[in-house]
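Subject: Structure handover

Hello,

Here is the structure to look at alongside the notes below. Please keep it open while reading.

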Amino acid sequence: MTEFDPALGLKVRAARALGWASRRSGRGGGTTLPGRALLRLDPKAVVKLGRRLVRGTTIVSATNGKTTTASMIAAMLRADGRAPVHNRAGSNMAWGVATALLEQDGDEGLFEVDEAWLPRMVRELGPRLLVLGNLFRDQLDRYGELERLADEWAEMVADREGRTGLVLNADDPLIADLGRDAELRRRPEVTYFGIEDPAQALPALQHAHDAKHCRRCGAPYAYARAFVGHLGHYSCPNCGADRPAPDVVARSIELQGMRGARFALESPWGSANVTLPLPGLYNVYNALAALTAALRLGVPLEVAVEALARVEAAFGRVETIAVGERSLSILLIKNPAGANEVLRTLALEASGAGESGGGELDLWIALNDRIADGRDVSWIWDADFEMLARSIRRVTCAGTRAPEMALRLKYAGLPQERIVVREPIDESLDDALAAAPGRLFALPTYTALLELRTLLADRGLAKEYWA
């Protein structure tokens, strides 16, 4: 790098030093500050540093699950003896990608990228593989309507036709539509994944059901079954734009609460019985996306499956941390669809199907409305907290919008005497832990998750999130 561009080399060293100083100071910013500084010094730094990745780059994006999916792919690549440059701490905008590029060495890139930043990062990195998991309603004050994002992604995919391979979720009509054109679908660069297990279908479409109308003709989709939000088996009765047959599928799915899941995998690369140590049907989708990507990248099936069985939760995504004699399980919530899957998993725990053995649950829910969360928190009224109301022993509501969270739970049917409102993150967590007889389930929004992880790291209970 410095041999061919001494000026960029100096800027990289300066940005690295700034990141080191920031981490030593304990003020945070270790995953973004170096990249921000480098991009100020050289706005084309991602393009230039990306050229070192001679084995190519894989980019992962989705509303829900991109951090976990990228972490799974990274584990599979490492198991195959490869060491990708990876923004593993989840900083997924341009500066997070820049930080990974300037601080890590390697000849292969793996980046999760924010939905709104995806077209720019694709232009700058020219990926060989693009993994697209889902599009859900999220942060409307920042992103706007789903259809606008879907249109931008469609333009991006069309621009990369013939140069970038696609791994697409067949069960999301907004994602599947990106590969629907006959000319594109005949090419080997498109691989679809999806779920083929009617037993996992919901009895009815959830209230948080986003993609209701066909992007081709505007007619309402007809659903034979739905699995997570609008992900499922659908068709357009007007123009025939139905769900494409997936190449990689999960069958015979067994959800085991917080213990994880099992399923039978079928793919063009072979079949396997998969053990997934992460809970929920949403993580089955993440695993399918990761397995499909890894297989496309040349990882042998048996290596990928074995790596998946050992995968650890990504930062803040179903981590369990020991706090004295108690266990703190952290499950990020940030939009209706994602929150519903967390609630669905906890309902399994309460029913006795998970590792907790059943019974009432203790929760700590931290609802923030900072910029990274989205100022509009009305999404909590579309999440189905009702499914868990009878299973909660006590819930502590924290964060900048704690009173509104408490009101939502009251309307969900939770008795008021079981709801505690205490806004400060540290004080409310200590109060909830002291009151919980065993395991406490923490459900923070994004910035509350950062506060929680910093608090736990300061207490020596967890690593810094950039470590």
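Buried means under 20% relative accessible area, exposed means over 50%, and partly exposed is in between (1.4 Å probe, protein chains only). This is a predicted model, in which local features need pLDDT of at least 70 and side-chain atom pairs count only at pLDDT 80 or more, while totals for chains, interfaces and linings use all residues. Residues are numbered from 1 along each chain as its sequence is written, and side-chain values use heavy atoms, with hydrogens and water left out.

Salt bridges

A salt bridge here is a side-chain nitrogen of Lys or Arg within 4 Å of a carboxyl oxygen of Asp or Glu. The whole structure has 26 of them. One network of salt bridges links Asp80, Arg82, Glu108 and Arg128. Within it, Arg82 pairs with Asp80 at 3.5 Å, N to O. Arg82 is buried at 9% relative accessibility, whereas Asp80 is partly exposed at 28%. Arg82 also pairs with Glu108, at 2.7 Å, N to O. Glu108 sits in the loop between H5 and strand E3 (109-112) and Arg82 in the loop between helix H4 (66-79) and strand E2 (85-86), so this pair ties together parts that are 26 residues apart in sequence. Helices (H or I, at least four residues) and strands (E, at least two) are DSSP runs, numbered from the N terminus. Glu108 is buried, with a relative accessible area of 1%.

Another salt bridge joins Arg393 and Asp362, with the closest N and O atoms 2.7 Å apart. Arg393 belongs to strand E15 (residues 392-398) and Asp362 to strand E14 (residues 361-366), so the pair ties together parts 31 residues apart in sequence. Arg393 is partly exposed at 32% relative accessibility, while Asp362 is buried at 5%.

The sheet

Which order do the strands of the nine-stranded open sheet follow? The order is E2-E3-E1-E4-E5-E6-E9-E10-E11, and the pairing is mixed. Two strands pair if DSSP finds at least two bridges between them. E2 and strand E11 (270-276) are the edge strands with a single partner each, so one side of each has no neighbour in the sheet.

Strand E1 (residues 57-61) is parallel to strand E4 (residues 129-132), with four bridges between them. Thr58 has Leu129 as its bridge partner in E4, and Ser61 stands opposite Leu132 in E4. E1 also runs parallel to E3, again over four bridges, and Ile59 stands opposite Phe111 in E3. In a regular strand the side chains alternate between the two faces of the sheet. In E1, Thr57, Ile59 and Ser61 point one way and Thr58 and Val60 the other, and all are buried.

Helix H12 (residues 301-309) lies across E10 and E11, at about 10° to E11. Axes are lines fitted to C-alpha atoms, for helices over the stretch in contact, and angles run from 0 to 180 degrees between N-to-C directions. Contact means heavy atoms within 4.5 Å.

A nonpolar core is a set of buried Ala, Val, Leu, Ile, Met, Phe, Trp, Tyr and Cys residues joined through side-chain atoms within 4.5 Å. The largest has 53 residues, of which Leu101, Phe111, Leu118 and Trp153 touch the most other members. H5 gives the most to this core, with seven residues. A second, separate core has 50 residues, including Ala70, Ala75, Leu110 and Phe227. Beyond its neighbours within four places in sequence, Phe111 has contacts that include Leu53, Ile59, Val85, Val97, Leu101 and Leu125.

Helix H5 (residues 94-103) and helix H6 (residues 118-125) have axes that come within 10 Å and cross at roughly 35°. Ala94, Val97 and Leu101 of H5 and Arg120, Met121 and Leu125 of H6 make the contact. These residues divide into five nonpolar, no polar and one charged. For that count, Ala, Val, Leu, Ile, Met, Phe, Trp, Tyr, Cys and Pro are nonpolar, Asp, Glu, Lys and Arg are charged, and the others, Gly among them, are polar.

Regards
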